[in-house]
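Please read these notes with the model open beside you. Each point takes up one feature.

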Amino acid sequence: MIKAGIIGGSGYTGGELIRLILNHPEADLGFVFSTTRAGKPLHSAHPDLLGETDMLFSGEIDPEIDVVFLCLGHGNSRDFLSKNQFSKETKIIDLSNDFRLAATNTLDGKTFVYGLPELQREIISQARYIANPGCFATAIQLALLPLAASNQLQQTIHINAVTGSTGAGVTPADTTHFSWRNNNVSWYKPFTHQHLGEINQSLQQLDPETGELLFLPVRGNFARGIFATAYTAFSGSLEEAQERYQKYYESAAFTALSTAPVNLKQVVNTNYAHLHLHLHNGYLLITSVIDNLLKGASGQAVENMNLIFGLEQPTGLKLKGSAF
Ligand SMILES: NC(=O)c1ccc[n+]([C@@H]2O[C@H](COP(=O)([O-])OP(=O)(O)OC[C@H]3O[C@@H](n4cnc5c(N)ncnc54)[C@H](OP(=O)(O)O)[C@@H]3O)[C@@H](O)[C@H]2O)c1
């Protein structure tokens, strides 16, 4: 059994990882580190785990653990790894954006590999240190990778993506306050969202001539999920586009093309990304839906763990959707 440790266990992605590892047939939970809850039961932060486990949050790490997941905010992963040493054998999967860009993906001789299996599954399976993609970045890249891979993404790409409130983390903020968020919609960071860096990096890995990405992130009044749409000029037919996407994702474990329009509920609580294509007057509209905490974070982190340890990619990720 793989022994897994989690840092930042009281947060949202940490909570999802606890649930996934507790139910993973090839992994055991070694420790869940918390700066604020050491000695308290896991269910003090995650009440749904009452009856599931009696494990306590820990104030210490086990440096010999097989794999550690870092579920910390921006800048804290680099800081945490500088202050806490793990054995040379320990695999590290970081969920923050500290190591996602090639320009900043190293620390003390460790090089982090960008962990999007649909982009580079073989490279991930040889890696020791993984930079897990961002949630918007996952939904948007999955929408665009097949076009970039066939050099069909060289015009301007217009992107709009609506996210649930869990995307902002567990700490309450003005924009996650129920009275403000509920029955409300708003945009933020228009054209400048931080995930554009990693999205551009991957697309240019496939085609250096990739066009400009104009991305408008939107806050939705729901807790989980990302509903992303992108459109760009496309000279082929809808059938050609569908064939291209089918072929690109034919061996993907969790990304599937739908012929019917997709909606958020069909993927929430699952590790799936569902895509749909629509052609109108020379523009291809791609819709991509994911659960931000699963395919957009902790589920994808487990996919990466499975690949690194030579397990089947979907191990422990056969989850039940909400459906209705
Ligand atoms: N939420 C999403 O949908 C999502 C999706 C993809 C990627 N991400 C990324 O994943 C990371 C975690 O996101 P999250 O939503 O789980 O955040 P979160 O809910 O805010 O949880 C982060 C946890 O980190 C711990 N922590 C805070 N400051 C720390 C420090 N200085 N040193 C050590 N631990 C510290 C806290 O747990 P303790 O009090 O237990 O120590 C906190 O609950 C972020 O970098 C985020 O950008 C999030």
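Which residues are closest to the ligand, and how many surround it?

1. **The ligand's neighbours.** 24 residues surround the ligand. The closest are S10, S34, T35, T36 and L72. A residue is near a molecule if one of its heavy atoms lies within 4 Å of it.

2. **How to read the model.** This is a predicted model; local features need pLDDT of at least 70, side-chain atom pairs count only at pLDDT 80 or more, and totals for chains, interfaces and linings use all residues. Residues are numbered from 1 along each chain as its sequence is written, and side-chain values use heavy atoms, with hydrogens and water left out.

3. **Backbone atoms at the ligand.** Look at V170: one of its backbone N or O atoms lies 2.8 Å from an oxygen atom of the ligand. For G11, a backbone N or O atom is 3.4 Å from a ligand oxygen atom. A polar backbone atom of L95 also lies 3.4 Å from an oxygen atom of the ligand. Taken alone, the ligand exposes 890 Å². The protein buries 79% of that. These areas come from the Shrake-Rupley method with a 1.4 Å probe; for residues, only the protein chains shown count as cover.

4. **Strand β3.** This strand spans residues 67–70. Helices (H or I, at least four residues) and strands (E, at least two) are DSSP runs, numbered from the N terminus. Are the side chains of β3 buried or exposed? V67 and F69 on one side are buried, and so are V68 and L70 on the other. Buried means under 20% relative accessible area, exposed over 50%, partly exposed in between (1.4 Å probe, protein chains only). In a regular strand the side chains alternate between the two faces of the sheet.

5. **Partners of β3.** Two strands pair if DSSP finds at least two bridges between them. Strand β1 (residues 2–7) pairs with β3 in the parallel sense, over four bridges. There, A4 stands opposite V67. Strand β4 (residues 91–94) also runs parallel to β3, joined by four bridges. L70 has D94 of β4 as its bridge partner. From β3 the chain crosses through helix α2 (residues 76–83) to β4, and this β-α-β crossover is right-handed. That is, with the strands pointing away from the viewer, the path from the first strand over the helix to the second runs clockwise.

6. **Cysteines.** A disulfide is a covalent bond between the sulfur atoms of two cysteines. The rule used here asks for a pair of cysteine sulfur atoms within 2.5 Å. How many disulfides does this give? The count is zero. For C71, the nearest cysteine sulfur is that of C135, 13 Å away. C71 is buried, at 12% relative accessible area. C135 is buried too, at 16%.

7. **Positive phi.** N151 has phi near 55°, a positive value in a residue other than glycine. Its place is the loop between α4 (135–149) and β9 (157–163). N151 is partly exposed, at 44% relative accessible area. N269 has phi near 75°, also positive and also not glycine. N269 lies in the loop between β13 (255–258) and β14 (273–280). At 29%, N269 is partly exposed.

8. **R224.** Where is R224? R224 sits in the loop between β11 (213–219) and β12 (226–233). Its side chain makes a polar contact with the side chain of E16, at 2.8 Å. The R224 side chain also contacts that of D291, at 2.9 Å. A polar contact is a pair of N or O atoms within 3.5 Å; within protein, one must be able to donate a hydrogen and the other to accept it, and residues adjacent in sequence count only if both atoms are side-chain atoms.
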